[in-house]
Amino acid sequence: MVRTALALPVIDEEMLAQNGLSANDVRRRMEAGLHNRIASDSSRSLWHILRGNLFTLFNAIVGGSFVLLLALGQWQDSLFGLAVIANVLIGVVQEYRAKRSLDKLAVVHAPKARVLRAGSVIEVAVADVVLDDILVLRAGDQVAADAKVLQADFLELDQSLLTGEADPASMTEQGEVLSGSAVIAGQGRARVVRVGTESFANALTQEAKRFSLVNSELRNALNRIVRWISWALIPLIALVVNGQMKALGGWAQAIESGSWRQGAVSAAASTISMIPQGLVLITSIAFALAAVKLARNQVLVQELPAVEGLARVDMVCLDKTGTLTDGTLVLDSVREVDTPSALGWREVLGWFGTDANANATARGLVVEFAGAEGLSPVTVIPFSSTRKWGSVAFDSGIAPGSWVLGAPETVLNTSVPDDSAVLNATAELAGAGLRTLVLAHSHHLLRESELAPQGLPRALRTVAIITFRERIRSDAKETLDYFREQGVALRIISGDNPRTVAAVARTVGLQFEGDGYDARDLPGDLSLMGDVLEDHHVFGRVTPTQKRDMVIALQNRGHVVAMTGDGVNDVLALKRADIGIAMGSGADATKAVSRLVLLDGQFSHLPIVVAEGRRVIANIELVSKLFLTKTVYAVLLALAFGLLLWEFPFLPRQLSAADGLTIGIPAFFLALLPNQCRYLPGFLRRSLAFSIPAGIAISLVILTVNTYSRVTVGNTQDSAQTASVLAVSVVGLWVLAVLIRPLNRSRALILASMYIGLLGCLIVPFLRDFFDLQLPTGDLLAVAIGTAIPGCVGIEITYRIQKRRNRASN
């Protein structure tokens, strides 16, 4: 928010409280930037997204080859460009969707705010609230800006979305209300003291708006590979181009005769063969299809790589209110204490539950107790979270006398033996995480004229102890049991009372000692905080910034952290976590910054997300070995043929055929098949451990075939190219065969189809002509098959060695 140094006139506070700001006062504040408007853009513009996805060295090289081949009229050899276009489109769309979610992020989503201006109460847009405005607050309102209370008539606010505290906050004069909190009872007026980005809710929003992509091991590994290859391509391209021109008789002759066109095509073939562009595309497709599948299960994936995230998580941090619980209080039990002396007590509880001014706790009574008709109170004192009790008096009917419903420690007298025993009983119940109230009765009829400062009737006797509990989500325990079985550690982090949090945690099956850790005692140093987090499982009174710091402390210790939440107080932690998971009923800001949203709030969907993530990770690791094997042998062939000054052994279209049969087509189907292998770190290391020796084996096969073709008489370049295609396809299909073990019906069908496809390319005239294949005969055919066989043996040995090493490391 841009502010000017415009001086504001001093306003008489008494006049301000009575009349509010004048039109001129509002105008001055608008001009000074003291309004509630905030910038709507995230930290990454559309141009930055386009530039980041389009202008890369990878795209420049592949795109340049694509344009060159089109310019030379070789459209058949330029089909690889479609994969690049698809990669760019998927990347731009994915990041732009994330940007739009962040730009729409809003904690304060009330369409209007009620303010006092020029002596009249009017409604204005939340963005038009200015500093020193007088907010007129009524039940159901959302507070538009941080403000100081000037007048409070039983004013109570729900700040659970901001602080995590489930109990309503009773506001008094000079108290402060926070933007984003909701008025649940009473009314009042408050003077705005902070607006725009300085208000509590908007400060959280601004930090949450910082653009970031989900931490994805697959994407990070692929980006690393692309970066390595892109920089290696610069000298390799120079070597390849020079080699191709020298193979055609030298630069001068190639340019003079026009054969440079053939050299350019060969150079493009060598260049594009080194880049695993299909791997990035298939990974994006696998993520996208997994996201569609999860959407059918009411899980919204806001960023595609988040699909894999939950499968890698080893620590899940959970909020309590609205996450483990659904945020509502339900009646737990009613324990009778002295009911015979107070007839009509059940009807009185029904009256408290059905009263128009009943708070959320009292409304829970209506499930068990129905209000009796004909109960006409003579005195009503509304419940206040400051007094912690409310009362009603009847002078006739089935329940005469004064009745008080409230917290035991404020209603009962410790000096009275009976009351002391009740207090001990209620303390035990509260220690179990139950919200406890007592119903007390006095035969003395309390009238308004008799109200003392304390206000309690004389000679109260406890009639009943009523306990409430937060409703646990029906699938919470089952899901947390699943994570424990999978070796995932759990931490409950809440802004509520530690004892209450601990009680809920035990209800969902967590085993730990103590009553929960009070975060007010949490050390500020992240290293020391990490020590506490390793030793304790349940935390209460946690502030929003502490939640974020706790996530960072766990990440600093090597944990992959997931965070679940539904309130604004969870936003910073959700944003910082490796995977943020929001409940569908949560705040808009929470859903905007989360990677996954459980649309129906059902925890039972999380195991499905884990299964999808495992499938994607395992399948992409498999297909990455196919693509990286090709990259390794392509780089080695580029080096060898460039240094030997030999013409490259493939046309781009021939490489497209071989790649399609041994890598592209099977990889697409393999990426979508079921796979329940558990996640293990080291995806890139394992892929390279197989791909490097396999790529070396294939490059030796191709070099052998081309060496024989050059030293013997009668072999054309066309026949040498076809022999190379045949050899690389045979060995490449063996690579596919070993990687998809154990074979099942689906995998066997894929493998058989690829062999049939290879045969079709060699014998079907149309396909043979399109790919410019000429069947080798005699010795060259025998050499192609003969060298492919030891190449397959080398692949088999590589596979078995890596399999043994993986077993030893696990």
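## The sheet

Two strands pair if DSSP finds at least two bridges between them; strands here (E, at least two residues) and helices (H or I, at least four) are DSSP runs, numbered from the N terminus. In this predicted model, local features need pLDDT of at least 70, side-chain atom pairs count only at pLDDT 80 or more, and totals for chains, interfaces and linings use all residues. Residues are numbered from 1 along each chain as its sequence is written, and side-chain values use heavy atoms, leaving out hydrogens and water.

Now to the sheet: it is open, with six antiparallel strands in the order β10-β15-β14-β13-β12-β11. At the edges stand β10 (325–336) and β11 (377–384), each with a single partner strand, so one side of each is left without a neighbour in the sheet. Five bridges join β11 to strand β12 (residues 389–394) in the antiparallel sense, and Val380 has Val392 in β12 as its bridge partner.

## The nonpolar cores

A nonpolar core is a set of buried (under 20% relative accessible area, 1.4 Å probe, protein chains only) Ala, Val, Leu, Ile, Met, Phe, Trp, Tyr and Cys residues joined through side-chain atoms within 4.5 Å. The largest one has 121 residues, and Leu310, Leu324, Phe483 and Leu670 have the most contacts inside it. Helix α24 (residues 606–644) gives the most to this core, with 17 residues.

What does Leu310 touch? Leaving aside residues up to four places away in sequence, Leu310 is in contact (heavy atoms within 4.5 Å) with Phe483, Ala562, Ile579, Ile581, Leu606, Val609 and Val610. A second, separate core of 22 residues includes Cys317, Ala519, Met550 and Leu554.

Definitions and conventions. Buried < 20%, exposed > 50% of the residue type's maximum accessible area, 1.4 Å probe, protein only.
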